[in-house]
Amino acid sequence: MLFQSQEFVLIFWPAATLAYYAAARSAPARQYVLIAVSLIFYGWWDARFIALLVGQIAMSWIMALVHARTRSAAPLYAGIALNLASLATFKYLDFLLASLEGAIGVALPRAHVLLPIGISFFSFQLISYLVDRLRNDAPIYPFRQFALFVMLFPHLIAGPIVRHNELVPQFDLDPRREGLWERIGVGLVLFTIGFAKKVLLADKLAGLADPLFDAARGAPLGFAGAWTAALGFTFQLFLDFSAYTEMAIGIALVFGLLLPENFRRPYLSTSLREFWRRWHISLSNFIRDYLYIPLGGSRHGAARYVMATLVAMGLCGLWHGAGWTYVAWGLWHGCGLIACHAWQSLKRPLPAVAGWALTMLFVIVGWVLFRAADFATAASVLRSMAGGHGFGGALGDPGLLLAGAAVSALVPSAYEIKAMRPVLHPAVAGAFAVLAGLCVLEVGRGPAVNFIYFRF
Amino acid sequence: MRAAADIEKRVHGDNAEWRRFVLTFLAVFGGGLAVIYVALVVIDPYDTGRFPTFMPPGIPDEHQDVNSASRGRNPAFNAAIFGNSHGQLLSPQRLSAATGLRFVQMTSPGSGPREHMTFMRYFIAHHPDLKAIVLAVDRRWCTHDPALPALFHFSPWLYEGDGAYLLHILSSRAIVAARRRVMMALGRLPAYDPAGYWDYETGRPWTFHPPHGDEPPRGVATAPSADPVFPALDAFDGILGRLPRTVPVVIVMPPQYYLMLPESGSAAANDLAACKAALAARLAGRPRSAFIDYLVDGPLARNNENFMDMDHYRLPIAREIEARIAGVLGAPATP
């Protein structure tokens with residue numbers, strides 16, 4: 001079930017909210033309601049994978065429990081290994097087989113395993129908990145609360161990646177506490193903004209960029225076509241993913257829960273390091289805390305720093321998808337971060353406009369690599385962008401690209417909106433309600449379009 | 001103490017404002033959509049005739065995937081043409097004149113067997129007096145994919161039960177269609193042709209320039225197919241089985257430019273031949289029914305003048321096919 005589908009907006013979410021507040025008086029009862037609706041939400045795609053989700057949660061919790069009883073770290077390592085094994089099997093097995101086949105030149109069979117939706121997100125949350133246990137930084141939670149921390153449906157499929165200590169303590173807070181109407185109101189506003197960004201812009205931009213990237217597999221694009229594809233996807237990806245985050249934060253707020261921030265208008269960044277502090281923040285934090293710093297970070301010499309950055313960003317790329325183009329995208333950003341770090345250490349900052357332009361060019365080139373079906377297509381699109389196939393043509397749908405750019409740059413992030421003092425006038429509420437209604441009517445036109453990050 | 005009272009007052013003030021904000025949002029959102037929903041059900045934007053309505057019949061939308069909901073239940077017709085763009089140039093008016101039946105066009109561009117069969121079931125369900133079915137098939141009918149995926153923008157819920165219809169009717173597209181229906185009812189917009197004929201050739205330039213090269217000789221092989229299972233044909237058996245034996249069925253496989261045909265002796269050619277044989281076998285014993293095969297190599301398929309592009313024939317060929325169909329169905333009874 002997609003957040004922007006009519007069945008979710010008009011039936012599932014209202015029903016879940018009513019059931020939740022009907023049970024609000026009792027913490028266990030309302031938590032069971034959230035678990036039940038989260039399982040329904042997850043099973044909507046493929047009920048078979050409920051067993052995988054619950055199995056990984058139960059296994060991780062049991063390993064943590066055994067560790068608490070025995071003080072042996074082995075169960076925690078086993079839990080981490082099992083979560084990684086699940087991820088490797090369902091997401092990377094065929095990729096690994098194909099890569100091995102390419103290396104040894106011998107045809108290998110494929111597993112053709114279906115990818116369980118959200119596996120990258122819930123596996124990472126479980127791993128982060130087990131690692132925190134290793135660091136003596138995580139208590140043993142009751143199973144009900146532990147399960148809910150992982151499977152809470154607003155963040156289950158595509159994040160934000162939530163750490164246990166950010167969410168579990170909130171479960172005992174009465175959702176009817178002071179500020180109830182403000183949380184619901186802000187939640188509805190955030191959801192509506194995300195809804196509109198997804199339905200009215202991101203999906204339209206997909207219609208602009210997707211055919212061009214598909215066409216680029218067969219024949220080179222022209223200069224303007226390549227830039228249309230690159231810019232279209234650049235704005236589509238941000239609007240799509242940030243829309244999901246805003247909807248997730250909005251839904252959670254209606255349940256009285258606060259999810260972490262994931263974006264802070266990243267396309268305004270004036271350096272690549274700043275970009276990564278503003279883009280997919282929950283993943284950046286995860287990579288920093290569980291990969292980059294354990295690998296040495298920046299405090300053990302230049303060589304260690306370069307290694308830690310490249311490994312962390314390469315794995316960050318691989319997390320996004322089972323393909324070498326994703327790894328290359330991660331390494332591209334790793335190299336960029338190293339160069340940015342080196343430049344900044346010279347203490348000769350670029351003018352803000354130049355820094356912004358350079359950052360955006362770097363990011364856009366990276367998105368071409370990220371989006372293209374293979375290296376040949378990426379190279380072809382990048383060559384066209386550089387004028388390798390002439391400089392003719394005109395940008396496709398410049399109005400849509402401009403709208404994408406304007407909304408990406410100007411619409412505040414979820415937390416910025418939450419912190420703002422909105423005009424509490426009924427006309428404002430009515431305007432947001434009309435916008436939400438228009439989005440409901442728009443998605444009624446045909447099958448809803450998946451969020452890009454659902455495939456990761 | 002006073003500060004605490006101020007805070008308390010502000011919080012309560014905020015709560016009241018936020019409460020009003022939320023309730024306004026919900027009232028506008030829920031109330032607005034409810035009003036639109038009821039209006040759409042009453043206006044019946046696609047003229048499906050499911051529920052009582054004050055609206056006169058009429059087709060609101062030029063897209064065949066939705067306007068077949070109106071055409072398919074129109075009692076003015078008792079025979080229909082199904083298929084995609086490969087059947088679209090067949091004129092219902094000329095077929096009606098030649099056969100004495102009352103034909104309607106139910107083709108939908110880009111569609112495949114799943115869509116065709118949906119339209120057929122719908123038409124059959126609304127026409128107990130059905131007199132004939134004409135089906136223009138292409139190689140999509142010869143698929144071995146048991147899923148039979150829908151191939152084009154398609155709204156199956158329009159042709160299904162009331163529950164599916166009520167779950168899908170709330171959309172901006174339905175609002176546009178409802179507005180057109182109202183405008184038509186008021187006489188402010190012209191009505192669409194109820195028979196559904198759209199001549200996509202007349203008045204348009206056609207610039208068919210086939211690729212040139214040393215092409216191997218082509219033909220249609222007769223060797224058996226490696227895979228004799230054609231899921232679309234198996235599904236079609238369900239429709240034929242419920243159709244009275246007295247209702248004639250004509251299946252046409254329209255021509256394509258010869259370069260589109262599989263090479264003689266190839267697996268694709270064998271597969272196509274087996275599919276054609278299976279189609280023809282489905283009609284064996286049914287009176288005034290036939291499988292008419294134009295998808296063969298020959299002078300017609302090699303003449304550029306006969307084609308708009310590699311796989312769409314032109315009007316003279318449509319006239320020829322219509323004559324063949326009429327020949328199978330028979331001339332109108334003399335009064």
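Biologist: Why does W343(A) count as partly exposed?

Modeller: The relative accessibility of W343(A) is 37%. Buried needs under 20% and exposed needs over 50%, so at 37% W343(A) counts as partly exposed. Please keep in mind that this is a predicted model.

Biologist: Where is the place of W343(A)?

Modeller: W343(A) sits in helix α14 of chain A, which covers residues 324-345.

Biologist: What makes a nonpolar surface patch with W343(A)?

Modeller: W343(A), L346(A), L350(A) and L358(A) make the patch, with an area of about 390 Å². Members of a patch need over 30% relative accessible area, and W343(A) passes because its value is 37%.

Biologist: How do you know that E101(A) and R110(A) meet in a salt bridge?

Modeller: The N to O distance between their side chains is 3.0 Å. The cut-off is 4 Å, so the pair of E101(A) and R110(A) qualifies. As for cover, E101(A) has a relative accessible area of 23% and R110(A) has 31%; both values lie between 20% and 50%, so both residues are partly exposed.

Biologist: What makes K204(A) and E442(A) a pair that ties together parts apart in sequence?

Modeller: Start with the salt bridge: the closest N and O atoms of K204(A) and E442(A) are 2.8 Å apart, and the limit is 4 Å. K204(A) belongs to helix α9 (residues 180-215) of chain A and E442(A) to helix α19 (residues 426-443) of chain A, so the bridge joins parts 238 residues apart in sequence. K204(A) is partly exposed at 36%, and E442(A) is partly exposed at 21%.

Biologist: Is D297(B) buried or exposed?

Modeller: D297(B) has 18% relative accessibility, and buried means under 20%, so D297(B) counts as buried. Its salt-bridge partner is R302(B), at 2.9 Å from N to O. R302(B) has a relative accessible area of 38%, so R302(B) is partly exposed.

Biologist: How many salt bridges are there over all chains?

Modeller: The count comes to 24. Some are linked in a network, made by D132(A), R135(A), R163(A), R288(A) and D289(A).

Biologist: How do you know that β1 and β3 of chain B pair?

Modeller: Pairing needs at least two bridges. Strand β1 (residues 79-82) and strand β3 (residues 132-136) of chain B have four, in the parallel sense. Along this pair, F82(B) stands opposite L135(B), and I81(B) stands opposite V134(B). β3(B) also pairs with β4(B) in the parallel sense over four bridges, where V134(B) stands opposite V250(B).

Biologist: What makes β2 and β5 of chain B edge strands?

Modeller: The sheet is open, with five strands in the order β2-β1-β3-β4-β5 and parallel pairing. β2 (103-105) and β5 (290-293) each pair on one side only. Neighbouring strands of this sheet are turned by 15° against each other on average, direction ignored.

Biologist: Why is β3(B) called mostly covered?

Modeller: Five of its five residues are buried. In a regular strand the side chains alternate between the two faces of the sheet. In β3(B), A132(B), V134(B) and A136(B) are buried on one side, and I133(B) and L135(B) on the other.

Biologist: Which helix lies across β3 and β4 of chain B?

Modeller: Helix α10 (residues 315-329) of chain B lies across β2, β3, β4 and β5, running at about 155° to β4(B).

Definitions and conventions. Residues are numbered from 1 along each chain as its sequence is written. Chains are lettered from A and ligands numbered from 1 in the order in which they are written. This is a predicted model: local features need pLDDT of at least 70, side-chain atom pairs count only at pLDDT 80 or more; totals for chains, interfaces and linings use all residues. Side-chain values use heavy atoms; hydrogens and water are left out. Helices (H or I, at least four residues) and strands (E, at least two) are DSSP runs, numbered from the N terminus. Axes are lines fitted to C-alpha atoms, for helices over the stretch in contact, and angles run from 0 to 180 degrees between N-to-C directions. Contact means heavy atoms within 4.5 Å. Patches are made of residues with over 30% relative accessible area and no salt bridge: like charges are joined within 9 Å, nonpolar side chains (Val, Leu, Ile, Met, Phe, Trp, Tyr) within 5 Å. Accessible areas come from the Shrake-Rupley method with a 1.4 Å probe; for residues, only the protein chains shown count as cover. Buried means under 20% relative accessible area, exposed over 50%, partly exposed in between (1.4 Å probe, protein chains only).
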